[in-house]
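Student: Could you walk me through this one while I have it open on my screen?

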Number of protein chains: 2
Amino acid sequence: MATQISTLGEFGLIKHLTKDFQAQQASTQKAIGDDAAVLNFGNKRTLVTTDLLLEGIHFNLEYVPLKHLGYKAAVVNFSDIYAMNGKPTQITVSLGISQRFSVEDMEQLYAGIKLACERYGVDLVGGDTCASMTGLTISITCLGEAYDSDIVYRNGAQVNDLICVTGNLGTAYMGLQLLERERIVMNTDENATPAFEGREYLLERQLKPEARKDIIEQLHKAGIKPTAMMDISDGLSSELKHICSQSGVGCAIYEDKLPIDYQAAALAEEMNLNIVTCALNGGEDYELLFTCKLDDYEKLVPIEDVYLIGHITKVEHGLNIVGRNGEELPLQAQGWNAFDAQ
Amino acid sequence: MATQISTLGEFGLIKHLTKDFQAQQASTQKAIGDDAAVLNFGNKRTLVTTDLLLEGIHFNLEYVPLKHLGYKAAVVNFSDIYAMNGKPTQITVSLGISQRFSVEDMEQLYAGIKLACERYGVDLVGGDTCASMTGLTISITCLGEAYDSDIVYRNGAQVNDLICVTGNLGTAYMGLQLLERERIVMNTDENATPAFEGREYLLERQLKPEARKDIIEQLHKAGIKPTAMMDISDGLSSELKHICSQSGVGCAIYEDKLPIDYQAAALAEEMNLNIVTCALNGGEDYELLFTCKLDDYEKLVPIEDVYLIGHITKVEHGLNIVGRNGEELPLQAQGWNAFDAQ
C-alpha cells in the first residue's frame, strides 16, 4: 500500500503524522499548529542543537529502514544535549520529501521519531514539510534545559583531569562496514543472503544508536560534574582535538584502555582493518567523552560502562596516544569530513 | 575566485563563515562552538520555529543572488516569531552544500544572513554544515521570546473582530512571475536584457522581503493585542482558513479593501492574471494577518500600513469574500502546496 503524499498535502501530512505525539514535558506550552512553538523553561537555561541528514550522504535507504532512520535522527540530537549535561525536552522536525516516498514511508519515519521521543521523554513541537527534487532531507533541531551551574562546555578540561569514555568505540563504524559489504554482495548475487548472524550488535550500533541519558543521570547521582564533555559523533580523535584546543591543554590516551567490542574487533580482523584506527576515527558511536577532576576517581569507579582512557596534559605536550609497547605517538584527528568524501 | 569547500573542511568552513557574527541578545549565553547553544530567557517564554528551503523547490539560483537568499531565509523565520507577537532572538543555520558551490558562494549566503541578523538584532548560535549530493539545502530554526501574556495564537479570533493585513498582497507573487518571464526570455534570446525597469519594487518583494517588526512594535505601543495573528507566507486565503478553523469562526473580507500595489496590478493586467486571485493565493508576502477587537479600531487607525479588510463572523457563515458588486462568494483557499507542484 502506498498513498501519494499529494493526496494529503503539506498540512494534511503533518497533521496525520503527528496526531499521536503526546506532550511529555511540562515546559511544552504550545506544540505544533501555530507559527512557532511556545516553551516555558522557567529559571533554567535553554539549550539548542541542530542536525541535517541528507540521503546519499548520511544514510543509504538500501539498508537503513525508515523507522530506524527516524529513531537515529532524533537520538543523535538528544545526544548533543546530554553532552552539555542537559536534558533534551523538545524537537522540531523538517522534511524534504521526493516523489519516491509515500505517506506510509513517512509513517515509518515518524514511528521511529515517536519511539525515540517516548523513550527519552521529548516532545515534538514543530517543523516544516515540503517536496524535494531528489532524495530525503531530514533537519532536526533539539531544545533542552539545564541549570546554569550544571552545564558542561568543551573548554573546561584542566591539566591532570581524567579522560573518560562510555560504552565502546568503533562499533558503529564496523556496523557500517558490514552493511556496505553485504550490500555489495547482495547487489552482485541475487541469491545471496546477508551474513549478519552473530553480528546483530554491530548493526544495532550503526542503525539504532542510543544517547547516554543513563550515564548523565548516574554522573549526576554520583555528584560528578565533568570539567568538559562532548558526544562522539565524528570519532574520538576529532572530539579530543576539540576539547583540547578549546581548553588550551594536551592529552595522553592509552591504546590498551580504549573500550573495544569483541565482535567489532573480530570483524575488523576479518576485513583487514585496524580496530584501533576504527575506534579513534570511526565516528557515529554517540558515546560520551568527558574529562573530570582526579578527585572524582573514587565516585567514578562504581558507574558501569565508563572507561578511563587517559589524562589531560599541558598544552605543550600535544595530543598523544601511548601504544601497547609504551611508545607515544601524536594523535591523528581524521574525523569525518563530508566535504572530502564527495 | 572560487575556493573549494574541501580546502576548509566542515569545521573550518563554519568558523570562517561565522567569525564576524557578534552577539546582540542578552539571552545568548553561549553561541557556536559546543554541542549546543546556551540561552537564558529568564522568566519569558521561548518561541521556536523552523523552515526548510530546497533548491529547485523554494528558490532558483538562476535569478536569486545567494546574498538575497540568505537574507530571505533568515527573515522568513523572524516573520513567524513576530506573528506570535514575539521578538526573534537567535537562529541556527544548517546547510547541505553540493560540489557546485565554493567558499565564496557560501560567504555571499552568510553575508545575507548576517545583514538580516544585524537589522533584526538576532544572534546566530549554531548549525550544521555538510556536503549534499545535489543542490543547496538551507534549514533555519529561529528562537524568540515573549511574555506569556503577550503571545498571540491563531485560535483567538472571535465573532465581530476586525480582520487586518499589513503592507500589500500579491506583490511577491508578481515579482516571481516577472523573474520567471524574464528568465525564459533570457534563456531563448542571448541578446535580451531583462525588462525590470520601473518594477524594482516587485523584485524586492520577492527577493528580499522584510518581516513586520515595525508593526509589532507599533501595535505594542498603541496597546493593541491582536486576538489572532499569522504571517502571510502561503497566501491570505490559506492563512484565513487556518485562523478561522482554529478559532471556530467564519469571516467576510471585502475585495475592494485588499491592499494592492499599483505596479503589481499593472503587471498582472499585462500578463493576463487576476490580481485579486494573486493577492488571495500568491503567498510569500510575509505581511501580517491579524484580528483584533472592534474596540481597538480607534487605536488602529493612526498605525501606518495596516488595512482593515473585513470582520469575523459566526462559523456557520463560512469563509467569504464580498466582491466589488456586493456579491458574496465562498473563499477558495488554494494556498501553496509543494506536493502538488511536483
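Predicted model: local features only at pLDDT ≥ 70, side-chain atom pairs only at ≥ 80, totals over all residues.

Student: Let's start with the contact between the chains. How many residues of chain A are in contact with chain B?

Tutor: On the chain A side there are 59 residues, and they are in contact with 59 residues of chain B. Strand E3 of chain A, residues 45-54, gives the most to the side of chain A that touches chain B, with 9 residues.

Student: And what is that side of chain A made of, by class?

Tutor: Sorted by class, the side of chain A that touches chain B has 25 nonpolar, 23 polar and 11 charged residues.

Student: Back to E3(A): which strand of chain B do bridges join it to?

Tutor: E3(A) is joined by 3 bridges to strand E2 of chain B, residues 37-39, and the two run antiparallel. If you want a pair to find on the screen, A:Val48 has B:Ala37 in E2(B) as its bridge partner.

Student: New topic, domains. Where do they fall in chain A?

Tutor: The domain assignment divides chain A into domain 1, covering 5-150, and domain 2, covering 162-330. Taken over C-alpha atoms, the centres of these two domains of chain A are 26 Å apart, and their contact takes 16 residues from domain 1 and 18 residues from domain 2.

Student: Which helix gives the most to the domain 1 side?

Tutor: That is helix H2 of chain A, residues 66-82, which gives 9 residues to the side of domain 1 that touches domain 2. By class, that side of domain 1 of chain A has 9 nonpolar, 3 polar and 4 charged residues.

Student: What about the largest nonpolar core?

Tutor: The largest nonpolar core has 208 residues, and those with the most contacts inside it are A:Ala74 and B:Ala74. Once neighbours within four places in sequence are left aside, B:Ala74 is in contact with B:Ile91, B:Ile113, B:Ala116, B:Cys117 and B:Ile140. As general background, nonpolar side chains tend to be buried together in soluble globular proteins.

Student: Now backbone angles. What is phi of B:Asn160?

Tutor: Phi of B:Asn160 is near 80 degrees, a positive value in a residue other than glycine. B:Asn160 lies in the loop between strand E6 (137-146) and strand E7 (162-166) of chain B.

Student: Why does B:Asn160 count as partly exposed?

Tutor: B:Asn160 counts as partly exposed because it has 13 C-beta neighbours inside 10 Å, whereas a buried residue would need 20 or more and an exposed one 12 or fewer.

Student: And B:Asp305, where is that?

Tutor: B:Asp305 is in the loop between helix H10 (297-300) and strand E11 (306-313) of chain B. Phi of B:Asp305 is near 70 degrees, again a positive value in a residue other than glycine, and B:Asp305 counts as partly exposed because it has 15 C-beta neighbours inside 10 Å.

Note on methods. Residues numbered from 1 in each chain as written. Chains lettered and ligands numbered in written order. Contact = placed C-beta atoms within 7 Å. Helix = DSSP H or I, 4+ residues; strand = E, 2+ residues; numbered from the N terminus. Nonpolar A, V, L, I, M, F, W, Y, C, P; charged D, E, K, R; others polar. Pairing = 2+ DSSP bridges. Domains from an automatic or database assignment. Core = buried A, V, L, I, M, F, W, Y, C linked by C-beta atoms within 7 Å.
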